[in-house]
Amino acid sequence: MTSPTGPAPRIDLHAHSTASDGTLSPADLVRAGAEAGLDVLAITDHDTTAGWAPAVRALPPGLRLIRGAELSCHWSGAQPPVPLHLLAYLFDPDHPELVAELTRVRAAREARGERIVALLRADDIDVSWPDILSGAGGGTVGRPHIAQALIRAGLVASTREAFGPDWLGERYRLPKDDIDVFRAVRLVRAAGGVPVFAHPRATRRGRVVPDELIAELAAAGLAGLEADHEDHSPAEQAHVRALAAELGLLVTGSSDFHGTHKSVQLGAFTTGVEAYERIVAAGVTEVASG
Ligand code: AMP
Ligand code: FE
Ligand code: FE
Ligand code: ZN
């Protein structure tokens, strides 16, 4: 991977497809990764590995694919619990306990989506759960799919507006029955994977966890922190880098690409080769090559 003369490889370790709340199919996602000039792309759909096989089948020459997922978690050290995201790379997709947990969380997301729709309908907002479910096309359902229904109904103009306080960001926001983050870290490690805390300081998304919790997670097996991300201010990125250095954790940067559900483009933030190599060395699943 390291080339003494060539340009640094472009490595983007966080992207979503239609297997969750992205808008490109897994095959189109890897093609877009190659077109964006990436050398390495990770597919990290929410709570599913359903995009892995079609992404591998469509992998263009020269692009490497890290198979991963983004696990919906919570930290119960605050009331109400703080929701957070754990990226998991190169784990065994057939690990029974992890498979069972992901299946449970996807079902919980559907139950929660249906309850959000019931709240909206109780306020005479005309959105339909069957429409939203079919809009998700069999992928993991999330609030972006409900946001699309609000846009279709002409109630909001953009996904961003749909995530505002009057809508899915606060008034019609409900928690989902997701995974305790310590259990998730241990499960990912048990499945041979590499757990990395996604956008840990993204205060613009809501509450964040204290540094002490991140230190405890590091002791429990957390491998890294995502520092460079559009939801981190420069000061937040610097804070995450310093914390990672203190705790001996690897640092990643990534776009968290969601197709047209967000404006960020593939490769907008990238990861260094050292971190990439640490992840590859620690994971049980091979990096796929096109
Ligand atoms: P959920 O997983 O159902 O709780 O929905 C969270 C997802 O919504 C995230 O993974 C993002 O894809 C998306 N999201 C969160 N905040 C925003 C925002 N302000 N604008 C657009 N998409 C967002
Ligand atoms: Fe998402
Ligand atoms: Fe996330
Ligand atoms: Zn993500």
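User: Leaving aside its neighbours within four places in sequence, which residues is V209 in contact with?

Analyst: The model is predicted, so local features need pLDDT of at least 70 and side-chain atom pairs count only at pLDDT 80 or more, while totals for chains, interfaces and linings use all residues. Residues are numbered from 1 along each chain as its sequence is written, chains are lettered from A and ligands numbered from 1 in written order, and side-chain values use heavy atoms, without hydrogens or water. Contact means heavy atoms within 4.5 Å. V209 has W75, V82, L84, F197, R201 and I214 as such partners.

User: What makes V209 buried?

Analyst: Buried means under 20% relative accessible area, exposed over 50%, and partly exposed in between (1.4 Å probe, protein chains only). V209 has 3%, so it is buried. Its place is in the loop between β6 and α8. Helices (H or I, at least four residues) and strands (E, at least two) are DSSP runs, numbered from the N terminus.

User: Why is A238 called partly exposed?

Analyst: Its relative accessibility is 45%, so A238 counts as partly exposed. A238 is found in helix α9, residues 234-247.

User: Why is helix α5 described as largely enclosed?

Analyst: Seven of its ten residues are buried, so the rest of the structure largely encloses α5 (residues 143-152). The buried ones are R143, P144, H145, I146, A147, A149 and L150. They pack against α3 (96-122), α4 (129-135) and α6 (159-162). After α5 comes G154, with a positive phi near 75 degrees.

User: What makes the protein chain as compact as a globular protein of its length?

Analyst: The chain has ten helices and nine strands. Its radius of gyration is 18 Å, close to the 19 Å that the globule rule gives for 290 residues, so it is as compact as a globular protein of that length. The radius is taken over C-alpha atoms, and the rule is 2.2 Å times the number of residues to the power 0.38. Of the 290 residues, 54% count as buried.

User: Which residues count as protein donors of the iron ion (ligand 3)?

Analyst: Donors are N, O and S atoms within 2.8 Å of the metal (3.2 Å for Na, K and Ca); water is not among the atoms, so sites may look incomplete. E70 (OE), H85 (ND1) and H199 (NE2) lie 2.0 to 2.3 Å from the iron ion (ligand 3), and they are its protein donors. H85 in strand β4 (residues 82-89) and H199 in the loop between β6 (194-197) and α8 (211-220) are 114 residues apart, a pair that links distant parts of the chain. The iron ion (ligand 3) and the iron ion (ligand 2) are 5.6 Å apart.

User: Is H199 buried or exposed?

Analyst: At 7% relative accessibility, H199 counts as buried. H85 is buried too.

User: What makes the backbone of D47 and H199 worth a remark?

Analyst: Most residues other than glycine have a negative phi, and most peptide bonds are trans. Phi of D47 is positive, near 55 degrees, and phi of H199 is positive, near 30 degrees. D47 lies in the loop between β2 (40-46) and α2 (52-57). D47 has a relative accessible area of 0%, so it is buried.

User: Is the peptide bond from Q79 to P80 cis or trans?

Analyst: The bond is cis, with omega near -5 degrees. P80 is found in the loop between β3 (64-75) and β4.
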